[in-house]
Amino acid sequence: MAPTLELPTGETVTPDDVFLFNGYPYRFVPSADDRFAFELSPLYWGGGEMDVPFPDREHLAAQWGPDSRGTLSEAEWRDWLTEARADDRFDEEELAAVEREVLGGGDGGLLAGLRRRLGLQ
């Protein structure tokens with residue numbers, strides 16, 4: 001059975017699930033280290049120094065800000081991507097990678113970017 005984490009929203013996620021934590025897509029990563037219980041790994045920047053360790057679920061709840069929403073529907077991820085494309089903190093390569101993950105292999109390549117810029121998508 002896959003490890004799970006209950007988010008402050010009441011949703012239960014596995015390491016395969018993507019959810020919105022403080023305005024960015026993350027995954028839950030069970031800890032391999034006794035110093036903390038689990039990590040949240042940013043979808044694009046994860047797997048290193050950008051991962052956020054938590055000693056327990058209560059610490060996650062304390063850091064669960066107003067931009068944290070838990071799991072999102074496909075339409076909600078599309079809305080998030082649209083907003084993120086207007087934000088200069090994100091580059092197109094990062095958002096294309098996020099799009100492929102959250103939309104199940106969606107078309108996040110060069111042609112999709114061109115269609116978005118031309119208003120065709």
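I began at leucine 20, whose bridge partner in S4 is proline 25. The model is predicted, so I kept to its limits: local features need pLDDT of at least 70, side-chain atom pairs count only at pLDDT 80 or more, and totals for chains, interfaces and linings use all residues. Residues are numbered from 1 along each chain as its sequence is written, and side-chain values use heavy atoms, with hydrogens and water left out.

**Sheet.** I took strands (E, at least two residues) and helices (H or I, at least four) as DSSP runs numbered from the N terminus. Strands pair if DSSP finds at least two bridges between them. S3 (residues 19-21) and S4 (residues 24-30) run antiparallel and are joined by three bridges. The two form a hairpin with two residues between them, and asparagine 22 in the turn has a positive phi of about 50°. I then followed S4 to S5 (residues 38-42), also antiparallel, and found five bridges. Here tyrosine 26 stands opposite proline 42, and proline 30 stands opposite phenylalanine 38.

I looked up the strand order next: it is S3-S4-S5-S6, an open sheet of four strands with antiparallel pairing. S3 and S6 (52-54) stand at the edges with a single partner strand each, so one side of each has no neighbour in the sheet.

**Core.** A nonpolar core is a set of buried Ala, Val, Leu, Ile, Met, Phe, Trp, Tyr and Cys residues joined through side-chain atoms within 4.5 Å. Buried means under 20% relative accessible area, exposed over 50%, partly exposed in between (1.4 Å probe, protein chains only). The largest core has 26 residues, of which Phe19, Leu40, Leu60 and Trp80 touch the most other members. S3, S4, S5, helix H2 (74-85) and helix H3 (92-102) each give two or more residues to this core. H2 provides the largest share, four residues.

**Aromatic pairs.** Rings of Phe, Tyr and Trp (its six-membered ring) pair if their centres lie within 6.5 Å; planes under 30 degrees apart count as stacked, over 60 as edge-to-face and the rest as tilted. I got 11 aromatic pairs by this rule. Phenylalanine 21 and phenylalanine 54 are edge-to-face, at 6.2 Å centre to centre and 80° between the planes. The former lies in S3 and the latter in S6, so the pair ties together parts 33 residues apart in sequence. Tyrosine 24 is in S4 and tryptophan 80 in H2, so the pair ties together parts 56 residues apart in sequence.
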